[in-house]
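Subject: Structure handover

Hi,

Here is the structure I promised you. Please open it alongside this email. My notes on what turned up follow below.

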Amino acid sequence: MTRLIALDALWFALAVSAVGGIVAPIAIARGRREWVAIARAAVYSNFALVTVAIAAMIFALVTHDFSISYVAQVGSRATPVFFTIISVWGALEGSILFWAWVLALYSALVVYANRNRPGNLVPYASAVLLVIALFFHVLLTGPANPFHLVSPAPPDGPGPNPLLQNHILMAVHPPLLYLGYVGMSVPFAFAVAALITGAKQDEEWIRLTRRWTLLAWGFLSAAIVAGMWWSYEVLGWGGYWAWDPVENASFIPWLTATAYLHSVMVQERRGMLKLWNVNLMVVTFVLTILGTFLTRSGIISSVHAFTQGPIGYYFLGFIALVLIGSAVLVAGSSDKLHTEGRLDAPLSRETVFLLNNLLLTAFMFTVLIGTLFPLVAEAFRGVKVSVGEPFFNRMTLPLVVALLFLMGVGPALPWRRGDWPALRRKMIPGAAVGVLLSALAAAAGARSAYGILAFALAGFAATLNIAEFVTGVRARRTAHGETVPVALARLVAGNRRRYGGYVAHMGIFVAAIGVAASSTLRSEREATLKPGEVLTLGSVNARLNDVWAREEPQRAVIGATVELLRDGQPYATMSPRMNIYPMSQQPVPTPDVRSTPVGDVYMNLMSFAQDGSTATIKIISEPLVPWIWTGGGIICLGALIAGWPARRLG
Amino acid sequence: MTALPPLRRARWLRLAGILLVGASLPAQQPRSADPAGRAAPALPDSVVEARTTALAGSLRCPVCQGLSIQDSPSELAQQMRALIKSQVAEGKSDAEVRGYFLSKYGEFILLEPRARGFNLLAYLLPAAILALGGVIVALNVRRWTRPSGGAGAQTGGSSPGA
Amino acid sequence: MNWKRSAVAAAVAAPFIVLLAWGLTKDPREIPSPLPGRQAPEFALEVFIPGEGAHARNVGDTVSLAALRGKVVVLNFWASWCLECVTEHQDLSLAARQLAGKPVQFVGVLYNDVKDAGRQWVAQRGGEAYPALDDPGARAAIDYGLYGVPETFVIDPSGKIAYKHTGPIWAGLLTAKVDSILAAATPAASGPKGE
């Protein structure tokens with residue numbers, strides 16, 4: 001019953017998307033205005049239908065309806081309800097269904113928000129969104145159908161992937177990622193619609209999608225940080241970023257989206273870079289689909305690549321359609337979008353944005369090339385090579401350092417024309433702070449050149465960004481006699497976009513310092529202890545109390561109780577564990593992390609004697625790691641400030 | 001000393017058994033069999049440790065996805081790290097240690113492709129894109145700031161990057 | 001629309017699609033080994049399960065590859081926690097028994113496991129036709145460039161690795177490989193082909 005309702009809903013959604021995405025734009029192009037309303041209705045009904053399908057899936061999961069293939073694949077009676085619900089996106093078919101639902105939601109919201117807007121931009125954009133939806137519905141009714149009948153229904157299932165039910169962050173990271181990824185469809189759809197309807201609307205699509213792009217960018221940023229956090233808390237190696245293809249897949253579109261957020265300001269202010277901005281948006285969207293393709297098709301092995309199947313070819317077909325379609329459309333319209341630029345001076349914020357776009361684009365290509373190079377090498381040399389952390393660090397750290405520098409200089413320069421003496425005056429305190437920070441880092445034991453440079457430039461740039469707030473608040477206090485908090489609030493409210501951007505910058509600096517500190521000042525120690533013995537790492541004294549085992553409904557847990565001592569007295573207890581799931585070969589290490597603002601103690605149970613007489617414990621000292629998550633939060637706050645609708649704050 | 005309470009299923013016990021081997025490993029690696037027989041002077045522990053860490057960071061853990069032997073908590077990675085350490089302590093050069101793993105696992109074991117032949121593409125292409133983009137930006141900024149306005153522009157130059 | 005420019009853009013995008021399409025036909029988990037054709041790494045490991053019949057060795061004895069020159073050696077890496085090892089277990093014993101009259105030695109090497117768990121695993125499956133060796137510290141496994149278990153190596157009488165199999169192997173394939181090596185080695189024993 002549940003199955004049939006869901007399948008019917010998906011087939012109807014497929015039909016509705018085809019009508020709204022293909023028939024409607026053709027009809028509208030021929031002047032049939034009544035189709036504008038039909039297209040809008042198609043977007044709404046698509047949303048309603050996909051909602052029915054995903055609700056049916058959640059219902060089936062919660063009621064353990066193992067006659068439905070997806071439930072039989074990821075469900076299990078022993079799994080807690082919460083993890084059962086989030087397993088909706090835990091495996092391939094469910095994640096496609098969830099994707100389709102998020103896309104339907106965005107489409108319905110953006111169409112509703114622009115329901116009274118005249119012209120063809122919105123109808124065409126909704127057609128583009130429905131064509132994307134059509135692709136996902138083809139997957140859902142074809143190779144990624146989660147609603148196959150399993151007969152006879154098994155009495156129980158294996159449960160979700162252990163890695164995905166081992167931590168609460170798995171409930172957060174995938175939805176954020178989909179909200180970020182899918183959100184990029186909105187500006188893409190409007191960019192394409194603008195190209196189709198003609199050059200006179202080339203400004204409208206940007207104005208209309210500004211908040212949507214910021215929203216998607218904020219979600220994507222949050223998703224990347226949440227993913228880092230998840231891998232830090234769950235994977236047990238004490239790191240948060242390994243340049244794995246799946247991480248790169250989320251990072252690559254973020255780079256072009258970030259470039260777009262900056263370069264679009266140049267177009268709004270100076271009417272330049274129209275073609276470039278369309279390009280960036282199209283590329284960002286293609287990269288989100290490419291990222292999904294890379295992680296879903298199994299083309300490149302990765303942390304949680306889904307299994308191989310025919311779905312890769314469907315994705316490839318869609319990428320081909322989007323890439324070649326957009327290339328034809330953008331290149332074909334390039335004459336119309338061509339504008340001759342005018343700059344007042346080489347030293348200006350415009351120039352910094354051009355350089356920022358250059359670096360971010362080069363960054364994107366570097367990561368993309370590194371991610372795809374194993375494939376290229378295999379195709380041309382017949383040899384499997386690895387491209388991992390050492391390569392990416394070598395290639396991208398210079399770009400990171402240069403970008404940090406620009407993030408300081410950009411806000412310090414005015415639009416149109418800057419002057420050297422003023423810039424120099426602003427840079428001096430920043431340089432002092434940078435030198436101080438790098439000296440502190442070196443004193444703390446940092447020895448890597450990039451680590452020290454990152455401290456220096458983050459300090460430099462942060463000072464210059466803070467200086468913008470200080471100058472603004474000071475001016476308001478002089479002019480209006482306001483108190484500091486009031487002046488700050490009004491300053492930000494008066495130009496949310498600008499100061500929201502600076503807040504996002506600050507988030508990046510905080511995270512950058514966290515990354516620099518944890519990668520250059522990290523230390524670790526491992527030892528096999530008997531109960532009562534102490535392992536010392538720097539100021540951390542850890543005493544093993546005992547090794548224990550416990551059975552939970554869905555898994556067995558083996559853990560160690562370790563007390564942290566100060567002056568011989570315990571002040572904290574940690575219990576690193578191993579979770580053993582019946583359906584998995586390897587135990588899942590579950591590190592314990594004790595966070596303080598200055599750093600974490602990261603503790604892993606590496607192994608233990610079966611009689612409980614010894615345990616091998618690894619302790620990693622992770623300075624300033626919480627700064628990374630905090631920085632991520634500040635970045636999102638910045639996006640929120642910059643994108644918040646004006647009337648609500650006014 | 002506490003004995004572990006028995007687990008219900010023997011399978012889990014067996015699964016847990018894998019971890020046991022590792023317990024006796026890192027601490028008890030046999031040192032170089034006959035240090036006196038080798039000409040190379042014994043290296044200080046800190047040097048051995050630092051070189052082991054660097055080497056382990058450049059090799060891919062074969063049973064993980066993209067993690068280095070240094071980073072991976074997996075058992076094989078720990079054993080490989082122990083092997084690297086003993087090879088370094090025996091006086092092998094970095095190239096020799098890397099060569100050993102290369103001869104066993106092929107190029108896949110190197111986390112960074114060797115910068116030679118076709119692999120140079122991975123290094124040079126990003127650099128070339130950056131350089132080309134830099135030239136385009138520089139030329140455009142120069143043209144756009146020329147006082148005489150946009151006259152004489154022949155190429156479509158509204159893109160700063162590639 | 002400027003169709004010429006469109007065509008150029010599409011032509012630039014096309015190779016990218018072709019590369020990805022080609023990649024889809026490949027299995028990323030399949031990693032070619034540099035070892036076949038090369039001299040097999042030496043090992044000398046202790047027996048902890050004796051095996052049966054022609055392949056049997058005493059528990060506690062050391063089996064070294066050097067001492068097995070002149071025989072085809074089938075070297076199988078396994079573990080009690082390895083799910084795929086279960087599927088190939090019967091086939092390995094079957095092939096070992098079928099080849100028992102020939103100059104062939106089968107050995108299993110336990111990978112990252114405790115001997116007790118290995119013994120129990122073998123006993124549960126009604127024994128194994130060939131001895132099992134212990135590999136402390138996985139030195140032999142690393143020497144053979146092991147990516148995981150099961151992996152099986154067939155070493156020819158001169159000590160060269162003739163074949164490597166990743167994943168569960170089956171009896172037919174194994175006996176065919178061993179027979180073809182023996183067939184090639186027999187004339188070589190009377191008149192060396194030279195190298």
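Start with helix H1 (residues 2–29) and helix H2 (residues 34–62) of chain A, which pack at an angle of about 160°. Their axes are 8 Å apart. An angle over 145° counts as roughly antiparallel, so that is how H1(A) runs relative to H2(A). The crossing of this pair is left-handed. The residues in the contact of H1(A) with H2(A) are 23 nonpolar and five polar, with no charged ones. Keep in mind throughout that this is a predicted model.

A second pair in chain A is helix H11 (residues 245–270) with helix H12 (residues 274–296). These two pack at about 165°, and their axes are 9 Å apart. That angle makes H11(A) roughly antiparallel to H12(A). H11(A) and H12(A) also cross in a left-handed sense. On the H11(A) side, the contact residues include Val246(A), Ile252(A), Pro253(A), Tyr260(A) and Val264(A). On the H12(A) side, they include Lys274(A), Trp276(A), Leu280(A), Met281(A) and Leu287(A). By class, the contact of H11(A) with H12(A) has 13 nonpolar residues, eight polar and one charged.

The loop between H11 and H12 of chain A holds Leu273(A). Look at the backbone there. Leu273(A) is not a glycine, yet its phi is positive, near 65°. Most residues other than glycine have a negative phi.

The crossing of H9(A) and H13(A) is left-handed. Which residues meet here, in H9(A) and in H13(A)? From H9(A) come Phe188(A), Val192(A), Leu195(A) and Ile196(A). From H13(A) come Val322(A), Ser326(A), Leu329(A) and Val330(A). The contact of H9(A) with H13(A) counts seven nonpolar residues, one polar and no charged.

Next, the peptide bonds. Most peptide bonds are trans. The bond from Ser151(A) to Pro152(A) is cis, with omega near 0°. Pro152(A) sits in the loop between helix H6 (121–141) and helix H7 (162–165) of chain A. Chain C has a cis bond too, joining Val149(C) and Pro150(C), with omega about -5°. Pro150(C) is in the loop between helix H4 (139–143) and strand S6 (151–155) of chain C.

Now the interface between chain A and chain C. Here, 31 residues of chain A are in contact with 27 residues of chain C. Together the two chains bury about 2,700 Å² between them. Of that area, 71% is on carbon and sulfur atoms. How many salt bridges are there between chain A and chain C? The count is zero.

One to look at joins the side chains of Glu622(A) and Arg522(A), at 3.7 Å from N to O. Glu622(A) lies in strand S10 (residues 615–623) of chain A. Arg522(A) lies in the loop between helix H20 (496–520) and strand S1 (523–529) of chain A. The pair therefore ties together parts that are 100 residues apart in sequence.

Best wishes

Key
Residues numbered from 1 in each chain as written. Chains lettered and ligands numbered in written order. Predicted model: local features only at pLDDT ≥ 70, side-chain atom pairs only at ≥ 80, totals over all residues. Heavy atoms only, no water. Axes fitted to C-alpha atoms, helices over the stretch in contact; angles between N-to-C directions. Helix = DSSP H or I, 4+ residues; strand = E, 2+ residues; numbered from the N terminus. Parallel < 35°, antiparallel > 145°, perpendicular 65-115°, else oblique. Left-handed = near helix turned anticlockwise from the far one by under 90°. Nonpolar A, V, L, I, M, F, W, Y, C, P; charged D, E, K, R; others polar. Contact = heavy atoms within 4.5 Å. Buried area = accessible area lost by both parts, 1.4 Å probe. Salt bridge = Lys/Arg side-chain N within 4 Å of Asp/Glu carboxyl O.
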